[in-house]
Amino acid sequence: MKFRNTWAEINLDAIGYNIQQLKKLLPEDRKVMGVVKANGYGHGSVQVAQTALDAGVDFLMVALLEEAVKLREHGIRAPILVIGRVHPSYAKVAAELNITLTVFQSDWLKALHNENFAGQLSVHVEFETGMNRTGICSKEELESVINEVNKLKSVRITGAYTHFATADEVSSAHFQNQRTRYEEMLEHLTSIYPHPLMTHIGNSAAGIQYPQHMHQYTRFGVSIYGLYPSHDIRQLETVELKQAFSLYSELIQLKKIKAGDFVGYGATYVAKEDEWIGTVPIGYGDGWRRSLQGFYVLIEGKKMPIVGRICMDVMMVKLDKPYEVGQKVTLIGEDNGAVIDMDDVANFLETINYEIPCMLTSRVPRLYK
């Protein structure tokens with residue numbers, strides 16, 4: 001139930017459209033893995049997952065076991081891969097719910113000898129190829145992992161993958177080196193573990209830039225939400241995406257202040273002339289960061305600057321004229337032909353567009369269109 005006059009609108013049709021456009025990039029025999037971690041990049045994991053499945057996606061990916069369990073609790077029955085390390089004691093939960101886990105340590109598998117669980121646990125092995133985050137680093141480590149898997153009747157490897165560090169750069173040599181390294185590790189895996197498995201190497205950037213080099217699945221994440229992995233990838237103009245996330249609020253008070261009056265904590269803003277100031281009920285407690293002071297919002301398609309320090313629950317904007325209480329304010333999205341893209345907010349904060357919808361907390365209700 002929505003009581004707030006600040007809200008986000010999630011356009012599920014845009015997400016479905018983006019998935020269809022991304023699928024067109026790939027060879028016909030390749031598939032899409034929908035990435036819905038971090039609550040679907042702040043869009044809502046359950047709603048996005050169902051939209052992705054309706055659009056033909058048949059595999060989902062999350063980062064945490066909790067995220068996978070949430071999907072199961074909401075009736076999502078499609079295969080789900082967890083890429084983060086899950087404590088061995090919770091492997092039985094994954095097995096019971098048919099959730100696939102990631103393995104990159106033989107000690108993790110050794111710990112399963114002390115765990116009893118019904119059914120079979122499906123795992124994907126992750127190869128470290130140049131990201132230096134998580135993954136199996138050498139053929140010797142891989143052999144150790146396979147040795148432990150072979151001792152466990154309840155565990156089977158069903159997939160392998162890696163993650164690229166520089167796929168969002170055009171024609172990256174490091175990307176090519178990682179891809180070569182992956183192929184070498186995959187060849188060794190299939191030689192010592194001759195069982196059917198699926199492989200997936202591509203994230204959004206790799207899938208858009210090198211669709212012909214992707215394996216059975218491509219992990220499309222930020223792109224299904226209508227966001228490009230980087231400016232360089234956007235400039236390739238190989239796929240048209242529609243941003244699915246918009247953020248709105250409204251004016252709850254307006255006042256006319258005199259030249260020399262201060263606005264906000266610390267009195268950091270001083271009016272140079274008589275000005276109209278509007279108060280908007282969103283703040284850093286909602287994830288609308290204090291460092292957005294100096295950015296702007298849209299009212300009737302016109303830019304209104306954020307003035308004074310952003311508070312926990314509200315912020316103030318300088319208006320060009322008096323408006324009525326209840327006047328709609330656009331923080332992200334389209335308003336009378338003007339647009340604030342996620343990239344605009346990210347560029348002001350000197351970060352990536354991935355972070356913006358993720359940083360907006362659950363205090364901001366999501367409404368689905």
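**View 1. Histidine 215 and its polar partners.** The side chains of histidine 215 and glutamate 183 are joined by a polar contact of 2.8 Å, a polar contact being a pair of N or O atoms within 3.5 Å in which, within protein, one atom must be able to donate a hydrogen and the other to accept it, residues adjacent in sequence counting only if both atoms are side-chain atoms. A polar contact of 2.6 Å joins histidine 215 to the side chain of threonine 199. The model is predicted, with local features needing pLDDT of at least 70 and side-chain atom pairs pLDDT 80 or more, whereas totals for chains, interfaces and linings use all residues. Residues are numbered from 1 along each chain as its sequence is written, and side-chain values use heavy atoms, without hydrogens and water.

View 2. Histidine 215, in the loop between helix 9 and strand 9 (217-220), is buried with a relative accessible area of 14% (buried means under 20% and exposed over 50%, with a 1.4 Å probe and protein chains only). Leaving aside residues up to four places away in sequence, histidine 215 touches residues including Arg30, Tyr182, Leu186 and Ile201 (contact: heavy atoms within 4.5 Å).

View 3. The buried residues of helix 8 are Phe175, Gln178, Tyr182, Met185, Leu186, His188 and Leu189. These residues cover an arc of only 160 degrees around the axis, which puts them on the same side of helix 8 (the arc is that of the directions from the helix axis to the C-beta atoms). The face turned away from the buried side carries the exposed residues Ala173, Asn177, Glu187 and Ser191.

Notes
Helices (H or I, at least four residues) and strands (E, at least two) are DSSP runs, numbered from the N terminus.
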